[in-house]
Amino acid sequence: MNRIYLGFILLMSCTQILYSQHSVLVLGIAQDGGYPHIGCKKECCNLAWQNDSLKKMVVSLAITDSVSRQWWLMEATPDITSQLHLFDSLTHHHYPFLPAGIFITHAHIGHYTGLMELGREALNSNQIPVYCLPKMKTFLTENGPWSQLVKLNNITLHELKTDSLFSFGNLQIMAFLVPHRDEYSETAGFKFSIHHSKYLFIPDIDKWSKWNRNMMEEVMQVNTAFLDGTFYTENELPGRNIAEIPHPTINETMQLDWENYGKTTRSKVFFIHFNHTNPVMWNSTIQKELQLHYFNFAMQGHWY
């Protein structure tokens with residue numbers, strides 16, 4: 001057999017094995033404002049301003065099906081242009097450039113404003129499916145410039161029902177409500193399974209105690225849980241009323257009663273959606289402390 005052809009077959013086999021084992025690629029880990037953060041001249045952002053390799057994009061996931069060669073985008077962030085390019089590069093053009101659909105959690109700027117890049121001023125896409133809950137759908141339909149995307153068929157909106165399972169080939173996905181600052185829409189979390197692996201995605205929530213579910217029980221039922229890790233402690237924003245942005249801090253989450261769930265359940269937690277002030281983004285000592293307690297942090301460009 002021709003050596004070049006044999007090498008190609010081996011490369012494709014290895015690629016298939018990689019994508020079969022890992023179905024979720026993290027395309028961003030930062031809170032809505034990204035990292036470094038606009039106007040920040042503090043120590044937390046200075047290194048990233050000076051070194052492009054330290055910059056992090058806004059939280060987003062790519063869900064892949066290596067069998068059908070389809071993929072889905074979780075969140076349309078302000079970094080969608082770079083994230084589409086990153087996905088295409090890291091998957092070596094194995095998938096179509098555009099996703100088979102986009103899932104949106106809520107109407108805060110880091111989670112949906114990237115849809116504007118699909119408009120006629122930019123990509124001028126054709127009927128990209130966008131899946132969201134009812135209030136989010138109404139918000140996009142009735143408010144410009146998003147309504148123009150609908151009118152020009154750049155996107156097609158599909159309404160999800162909470163706690164109902166939807167199937168997209170090998171992808172099974174369910175949206176559920178989580179308590180959050182719902183100025184323009186409700187806020188969704190997602191539970192999904194692909195290639196026998198189950199995932200939980202909750203980048204934004206006010207407090208675990210406000211949710212009508214037991215977060216630890218939910219984590220126990222999946223293989224990987226991407227959870228709100230916006231702040232490490234409540235002391236990161238001096239001069240701001242933390243009650244106005246009441247995310248559960250990473251410290252709070254770690255101090256919950258995990259005793260009955262064991263190390264295995266804790267190790268399924270990957271914190272995500274980091275504010276620029278969160279030392280988990282850049283402090284190796286804090287990162288090691290997290291892992292000593294059997295918790296993890298999501299990394300941009302990594303498969304899960």
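**Figure 1. Strand β9 and its two antiparallel neighbours in the predicted model.** Strand β9, residues 188-194, is mostly covered, with six of its seven residues buried, where buried means under 20% relative accessible area, exposed over 50% and partly exposed in between, computed with a 1.4 Å probe on protein chains only. Helices (H or I, at least four residues) and strands (E, at least two) are DSSP runs numbered from the N terminus, and two strands pair if DSSP finds at least two bridges between them. Strand β8 (residues 171-177) pairs with β9 in the antiparallel sense over six bridges, and M174 has K191 of β9 as its bridge partner. With strand β10 (residues 197-202), β9 forms an antiparallel pairing over five bridges, in which I194 stands opposite S197 of β10. The hairpin of β9 and β10 has two residues between the strands, and H195 takes a positive phi near 50° there. The model is predicted, so that local features need pLDDT of at least 70 and side-chain atom pairs count only at pLDDT 80 or more, whereas totals for chains, interfaces and linings use all residues. Residues are numbered from 1 along each chain as its sequence is written, and side-chain values use heavy atoms, with hydrogens and water left out.

**Figure 2. The open sheet that contains β9.** Seven strands form this sheet in the order β7-β8-β9-β10-β11-β12-β13, with mixed pairing. Its edge strands are β7 (165-168) and β13 (296-297), each of which pairs on one side only. Strand β11 (residues 224-228) and β12 run parallel and are joined by four bridges; within this pairing, A225 stands opposite V269 of β12.

**Figure 3. N275 and N278 in the loop between β12 and α10.** N275 is found in the loop that lies between β12 (269-272) and α10 (284-292), and counts as buried because its relative accessibility is 6%. The C-alpha atoms of N275 and Y35 are separated by 7.8 Å, although the two residues are 240 residues apart along the chain. Leaving aside neighbours within four places in sequence, N275 is in contact (heavy atoms within 4.5 Å) with Q31, T230, F231, L237 and M281. The side chains of N275 and T277 are joined by a polar contact of 2.7 Å; a polar contact is a pair of N or O atoms within 3.5 Å, of which, within protein, one must be able to donate a hydrogen and the other to accept it, and residues adjacent in sequence count only if both atoms are side-chain atoms. N278, in the loop between β12 and α10, counts as buried because its relative accessibility is 0%. A polar atom of the N278 side chain lies 3.2 Å from the backbone oxygen of T230.

**Figure 4. The largest pocket and its lining.** A pocket is an open set of points on a 1 Å grid over the protein atoms alone, where a 1.4 Å probe fits, with protein on both sides within 12 Å along at least five of seven lines, and its lining residues have an atom within 4 Å of a point. The largest pocket has a volume of about 430 Å³, the volume being the space filled by probe spheres set on the points, which are joined across faces, edges and corners. Of its 22 lining residues, Q31, H37, R240, I245 and N275 lie nearest the centre.
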